[in-house]
Amino acid sequence: RTVNAEVPELLSRLYRYAAEQWSDDRSPLDLGPDRKWEKMKLRVPKKRVRELSAAEEKRLFAALRQDYHAIVEFAIITGLRRAALMLRWSQVDMAAGRIVYERKSIEDDDIGELPISARMRQLLAGQQGHSRTWVFTYVAHRTRDGRVKGRRYPITEEGLRTALQRAVKRAKITDW
């Protein structure tokens, strides 16, 4: 999808630029006006949907670090991508009952709005007081890389990916 959204347009602009530079018959490129840029797009496979069964979800949470439970449940409830889950408290408006987040898009300012459900409100309330800036945090299990054992730090995309990969493996969940 990303290639289809960006590459044909980029190549089209490069070809137009080249045509302007070779404004005579010396162009080694076929720069005809009838070039079919749409033909360059790749076939996009059907979106694969794989949801956890109730038993798999139970095993996942049993294998997952306790301090990652809230963010993973929040992800399951909302369907947000990893990057959008890295929420700051400034994005959460509990009084208005909404969360504002940045969506993955080719647009710089593609903002999404998400209503806060009762369960989401409970999960968010459980995170209050851990960090003034970040919603989801974890407890460092050991002192290293500038982190101190027992202190809370913001969950990162890579940290979430690693925690999930480990839990999925321990829970023996396949093809997910």
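A pocket is an open set of grid points with protein on both sides within 12 Å along at least five of seven lines, and its lining residues have an atom within 4 Å of a point. In this predicted model, the largest pocket has a volume of about 1200 Å³, and the second largest pocket holds about 520 Å³ of space.

**Largest pocket**
- The lining comprises 31 residues, and Lys47, Gly79, Leu80, Arg81 and Arg82 are the closest to the pocket centre.
- Two or more lining residues come from each of helix 1 (2-21), helix 3 (69-78), helix 4 (82-85) and helix 6 (157-170).
- Helix 6 gives the most to this lining, with 6 residues.
- By class, the lining of the largest pocket contains 16 nonpolar, 4 polar and 11 charged residues.

**Second largest pocket**
- Arg65, Tyr68, Tyr138, Arg144 and Arg166 lie nearest the centre of this pocket, which is lined by 18 residues.
- Strand 5 (152-154) and helix 6 each supply at least two residues of the lining.
- Helix 6 provides the largest share of the lining of the second largest pocket, 6 residues.
- The lining divides into 7 nonpolar, 4 polar and 7 charged residues.

- Strand 2 (residues 98-102) and strand 3 run antiparallel and are joined by 5 bridges.
- Ile99 has Leu114 as its bridge partner in strand 3.

Conventions
Residues are numbered from 1 along each chain as its sequence is written. This is a predicted model: local features need pLDDT of at least 70, side-chain atom pairs count only at pLDDT 80 or more; totals for chains, interfaces and linings use all residues. Side-chain values use heavy atoms; hydrogens and water are left out. Two strands pair if DSSP finds at least two bridges between them. Helices (H or I, at least four residues) and strands (E, at least two) are DSSP runs, numbered from the N terminus. On a 1 Å grid over the protein atoms alone, a cavity is a set of points where a 1.4 Å probe fits but cannot get out, and a pocket is an open set with protein on both sides within 12 Å along at least five of seven lines; lining residues have an atom within 4 Å of a point. Grid points are joined across faces, edges and corners, and a volume is the space filled by probe spheres set on the points. Ala, Val, Leu, Ile, Met, Phe, Trp, Tyr, Cys and Pro count as nonpolar, Asp, Glu, Lys and Arg as charged, and the others, Gly among them, as polar.
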